[in-house]
Amino acid sequence: MLHLSGTLIFLISVELKTAPADFRFPTTNQTRHCFTRYIEFHRCLAAKGEESGECERFSKYYRSLCPGEWVDKWNEQRESGTFPGPL
């Protein structure tokens, strides 16, 4: 908490996180990293079920790496059976 000229200011600490570094993706282009994390999340759901909280970290990873438009398109492709990746 700071006081400036009679004004009370509260400082809030926010911790931002993204997917941890992955040795499989050493370059700055994260397209493949994004795609792989998306696939890992859906494989985890298939193996452990949607009720399991074990897959949440993969969800956080792909959501922090992938543009929303890609995720929307991939979700549509999964639903229609045309997703190009191995699930």
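# Helix packing and an aromatic cluster

At a relative accessibility of 8%, Cys 66 counts as buried, and its place is in the loop between H2 and H3. The model described here is a predicted one. Leaving aside neighbours within four places in sequence, Cys 66 is in contact with Cys 34, Phe 35, Val 71 and Trp 74. Cys 66 and His 33 lie 33 residues apart in sequence, while their C-alpha atoms are 8.8 Å apart in space.

## The chain as a whole

The chain holds 3 helices and 2 strands, which follow one another along the sequence in the pattern β-β-α-α-α. Of its 87 residues, 31% are buried. Among the contacts with a separation of 6 or more, 51% are between residues 24 or more positions apart.

| Helix pair | Angle | Distance between axes | Crossing |
|---|---|---|---|
| H1 and H2 | about 150 degrees | 8 Å | left-handed |
| H1 and H3 | about 45 degrees | 12 Å | right-handed |

With the angle between H1 and H2 at about 150 degrees, and with angles over 145 degrees counting as roughly antiparallel, these two helices are therefore roughly antiparallel to each other. On the H1 side, the residues that meet H2 are His 33, Cys 34, Arg 37, Tyr 38, Glu 40, Phe 41 and Cys 44, and their partners in H2 are Phe 58, Ser 59, Tyr 61, Tyr 62 and Leu 65. By class, this contact of H1 with H2 comprises 8 nonpolar, 2 polar and 2 charged residues.

H1 and H3 pack at an angle of about 45 degrees, with 12 Å between their axes, and that angle makes H1 oblique to H3. Here Thr 31, Cys 34, Phe 35, Tyr 38 and His 42 in H1 meet Trp 70, Val 71, Trp 74, Asn 75 and Arg 78 in H3. The residues of the contact of H1 with H3 divide into 6 nonpolar, 3 polar and 1 charged. Cys 34 and Tyr 38 are listed among the H1 residues that meet H2, and Cys 34 and Tyr 38 are also listed among those that meet H3.

Thr 31, one of the H1 residues that meet H3, counts as partly exposed, with a relative accessibility of 39%. The C-alpha atoms of Thr 31 and Pro 67 are separated by 9.6 Å, although the two residues are 36 residues apart along the chain.

## The aromatic residues

The structure holds 9 aromatic pairs. In one of them, the rings of Phe 41 and Tyr 62 have their centres 5.4 Å apart and their planes at 45 degrees, so the pair is tilted.

Trp 74 and Phe 83 form another aromatic pair, which is edge-to-face, with 6.4 Å from centre to centre and 85 degrees between the planes. Trp 74 and Phe 83 are both buried. Ring pairs link Phe 35, Tyr 38, Phe 41, Tyr 62, Trp 70, Trp 74 and Phe 83 into a cluster. Two members of this cluster, Phe 35 and Trp 74, are also among the residues in contact with Cys 66.

Gln 77 is found in helix H3, which covers residues 68-80. With a relative accessible area of 18%, Gln 77 is buried, because the limit for that class is under 20%. Not counting residues up to four places away in sequence, Gln 77 touches Thr 82, Phe 83 and Pro 84, and Phe 83 is the residue whose ring pairs with that of Trp 74.

Glu 54 has its place in the loop between H1 and H2. With residues up to four places away in sequence left out, Glu 54 touches Cys 44 and Lys 48, and Cys 44 is one of the H1 residues that meet H2. Glu 54 and Phe 41 are 13 residues apart in sequence, with a C-alpha to C-alpha distance of 9.7 Å.

How values were computed. Residues are numbered from 1 along each chain as its sequence is written. This is a predicted model: local features need pLDDT of at least 70, side-chain atom pairs count only at pLDDT 80 or more; totals for chains, interfaces and linings use all residues. Side-chain values use heavy atoms; hydrogens and water are left out. Helices (H or I, at least four residues) and strands (E, at least two) are DSSP runs, numbered from the N terminus. Buried means under 20% relative accessible area, exposed over 50%, partly exposed in between (1.4 Å probe, protein chains only). Contact means heavy atoms within 4.5 Å. Rings of Phe, Tyr and Trp (its six-membered ring) pair if their centres lie within 6.5 Å; planes under 30 degrees apart count as stacked, over 60 as edge-to-face and the rest as tilted. Axes are lines fitted to C-alpha atoms, for helices over the stretch in contact, and angles run from 0 to 180 degrees between N-to-C directions. Angles under 35 degrees count as roughly parallel, over 145 as roughly antiparallel, 65 to 115 as roughly perpendicular and the rest as oblique. A crossing is left-handed if the near helix is turned anticlockwise from the far one by less than a right angle, and right-handed if clockwise. Ala, Val, Leu, Ile, Met, Phe, Trp, Tyr, Cys and Pro count as nonpolar, Asp, Glu, Lys and Arg as charged, and the others, Gly among them, as polar.
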